[in-house]
Amino acid sequence: MPEEQRRPILVANGINVFFLLVIPILILIETIAPNSDPNIREFSLLLMILVVIISLIHLFISYLGLTHLSRLLFVVDFPLVIFLFPALSGNVGEQDLFWFPYLVAAFSIIPQLVLTIRYERVLYLLGMLYMLVLLYFSVEILLSSILQQSPVVQTAQKYKFYYLRSLLSVWVIINVPFTYLKWLLMKREKELGQLRDQVKNN
């Protein structure tokens, strides 16, 4: 298997292992943390346990050799669990309007890390489109899930267009340079492969 194909598999598995190592520590901290709202604590623990379960499923599927499926699930389900599940279940507050959509923008780097442009172009483009659509509707999803019409929520609704524009700008700032760097790396690896073939033939 070429290095370009092997690298995203290792990255995806490495991130899953990282979650398995770090989240139990976070669960312990959340459990013993003082002055924490019981409802928030309960939901945070549920969310972290779900991430651990998902990471285990990804690693098991990858162990079976189904690396495409494992990485495709990686792209799809982490945003679902970490963003959509809290939002659609009503476990977000007005303070989340200031940072939650930017978390979705950060998620857009996931397809860049675990999928390749050359060998998985369709999956790569679908993953990027999925993240962009999720980002585009993230503010609307949050606003619809917050029932209390506080001044903060009303202001966010009023300036929703400008908020969305800043989110899309962050998406572009993250992904355009990263895509360009991946293209340069792919081009360089292709040139090195051709050079190795020439050396072998000679």
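**View 1. Helix H3 passes helix H4 in a left-handed crossing.** Left-handed here means that the near helix is turned anticlockwise from the far one by less than a right angle. This is a predicted model, in which local features need pLDDT of at least 70, side-chain atom pairs count only at pLDDT 80 or more, and totals for chains, interfaces and linings use all residues. Residues are numbered from 1 along each chain as its sequence is written, and side-chain values use heavy atoms, with hydrogens and water left out.

**View 2. The axes of H3 (residues 67-88) and H4 (residues 100-107) come within 11 Å.** They cross at roughly 165°, which makes H3 roughly antiparallel to H4 (an angle over 145 degrees). Axes are lines fitted to C-alpha atoms over the stretch in contact, with angles running from 0 to 180 degrees between N-to-C directions.

**View 3. Residues of H3 and H4 meet in a contact (heavy atoms within 4.5 Å).**

**View 4. Stepping back, the chain has eight helices and zero strands.** Helices are DSSP runs (H or I) of at least four residues and strands (E) of at least two, numbered from the N terminus. The C-alpha trace spans about 75 × 40 × 25 Å along its principal axes.

Technical notes: Angles under 35 degrees count as roughly parallel, over 145 as roughly antiparallel, 65 to 115 as roughly perpendicular and the rest as oblique.
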